[in-house]
Amino acid sequence: MIEARHLRVLRAVAATGSFSAAARELGCTQPAVSQQMKALEQSTGTPLLIRTGREMRLTQAGEALVRHAAGILAGLTAAEEEVAAIAGLRAGRVRLVSFPSGSSTLVPSALAALREAHPGTRVSLVEAEPPRSVEMLREGDCDVALAFRYDAAHADDDWSDLVVRPLLADRLVGLVPEGHRLGGDGAVPIAEFADESWIAGCPRCRRQLVDVCETAGFVPRIDFATDDYPAVIGLVGAGLGVAVLPELALESVRPKGARAVMVEPAVRREIVALTLPDLARVPTVAATLDHLAAAADRLSPATAATAG
């Protein structure tokens, strides 16, 4: 019989390439990892790993087992959590992954409300941008992923196997230095920025910027690129260029020396919470989705999406 603990160890070995690295990741000893791998190979009746120098390589059978492990472990987690809730245990675990601007705006109030409503719930948070955050969800490394996608790029995001909870529509806004010629009160066609030096954000936002600018008839000259939104704002404030940022990114950072302007055509990204179908039935995961939706309503009542 294949045991879940053995599958977790196998995934760690496959991800890290060695028993010692897997032991460090799992917080156990190298001999313990070795023993569990031997037990798993005895259960399956076939070798799963081949040692090549200092690293371990998966056999064909090992690759097949790792491929199925994420779904198996997600199903087991869902079963354990649901049974615990039915039994009346006021406990649970939620592992959330979020992109940075979501971590600083939606997540704090959502998790605070979740903890107040369910004091026994253990919550953890790590940061990752989509599509990596979505991969983490499918690989069983988190329970809920806060993610986004742009209107024109939906074809690149196949979420048909996931439960998608819409939260809000986040419009992109322009950011220019104080006193800039385009820093007026009205909306500015993005073509007016054709001769400007640009400061670009995360890779997905960067790709969206290039697409929008090319549609407007020019290729943006990107002199600076950073995933750190405060850095983008600081560079703009120092007069080193212009940028477009999601409104969420401006919620928790004061744009010192910079001014936000509306740009046309309007571009929005859809903010969503994602989980696996099995996990959506877990009470703590369902509550997390509800609290994220409530946080989105409080943050932006005008643009918050209708949950469904």
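Helix α1 is followed by G17, a residue whose phi is positive, near 90°; helices here are DSSP runs of H or I with at least four residues, strands are runs of E with at least two, and both are numbered from the N terminus. This is a predicted model, in which local features need pLDDT of at least 70 and side-chain atom pairs count only at pLDDT 80 or more, whereas totals for chains, interfaces and linings use all residues. Residues are numbered from 1 along each chain as its sequence is written, and side-chain values use heavy atoms, with hydrogens and water left out.

Within α1, the residues H6, L7, V9, L10, R11, A12 and V13 are buried, where buried means under 20% relative accessible area, exposed over 50% and partly exposed in between, computed with a 1.4 Å probe on protein chains only. An α-helix has 3.6 residues a turn, so residues three or four places apart point the same way.

Helix α1 (residues 4-16) packs against helix α3 (residues 30-44) at an angle of about 115°, with the two axes 9 Å apart; the axes are lines fitted to C-alpha atoms, for helices over the stretch in contact, and the angles run from 0 to 180 degrees between N-to-C directions. That makes α1 roughly perpendicular to α3, on a scale where angles under 35 degrees count as roughly parallel, over 145 as roughly antiparallel, 65 to 115 as roughly perpendicular and the rest as oblique. The crossing of this pair, α1 and α3, is left-handed, a term for a near helix turned anticlockwise from the far one by less than a right angle, with right-handed used if the turn is clockwise. On the α1 side R5, H6, V9, L10 and V13 take part, and they meet V33, Q36, M37, A39 and L40 of α3, contact being heavy atoms within 4.5 Å. Sorted by class, the contact of α1 with α3 has 7 nonpolar, 2 polar and 1 charged residues; Ala, Val, Leu, Ile, Met, Phe, Trp, Tyr, Cys and Pro count as nonpolar, Asp, Glu, Lys and Arg as charged, and the others, Gly among them, as polar.

Leaving aside residues up to four places away in sequence, H6 touches Q36, M37, A39 and L40. The C-alpha atoms of H6 and V176, which are 170 residues apart along the chain, are separated by 54 Å.

Helix α3 also receives helix α2 (residues 19-26), for the axes of α2 and α3 come within 8 Å and cross at roughly 105°. That makes α2 roughly perpendicular to α3. Here F19, S20, A22 and A23 of α2 meet Q30, V33, S34 and M37 of α3, and by class the contact has 5 nonpolar, 3 polar and no charged residues.

Not counting residues up to four places away in sequence, R95 touches S124, G140, D141, C142, D143 and V144. The C-alpha atoms of R95 and V285 are separated by 8.9 Å, although the two residues are 190 residues apart along the chain.

Another helix pair is formed by α6 (residues 106-117) and α12 (residues 283-299), which pack at an angle of about 130° with their axes 8 Å apart. The helices α6 and α12 are therefore oblique to each other, and α6 passes α12 in a right-handed crossing. From α6, L106, S109, A110, A113, L114 and A117 meet T284, A287, T288, H291, L292, A295, A296, R298 and L299 of α12. The contact of α6 with α12 has, by class, 10 nonpolar, 4 polar and 1 charged residues.

Two cis peptide bonds deserve a look. The bond from P130 to P131 is cis, with omega near 10°, and P131 is found in the loop between β4 (121-127) and α7 (132-138). The bond from E264 to P265 is cis as well, with omega near 0°, and P265 is found in the loop between β12 (263-264) and β13 (268-275).

Taken as a whole, the protein chain has 12 helices and 13 strands, and 47% of its 308 residues count as buried. Among the contacts in the chain with a separation of 6 or more, residues 24 or more positions apart account for 72%.
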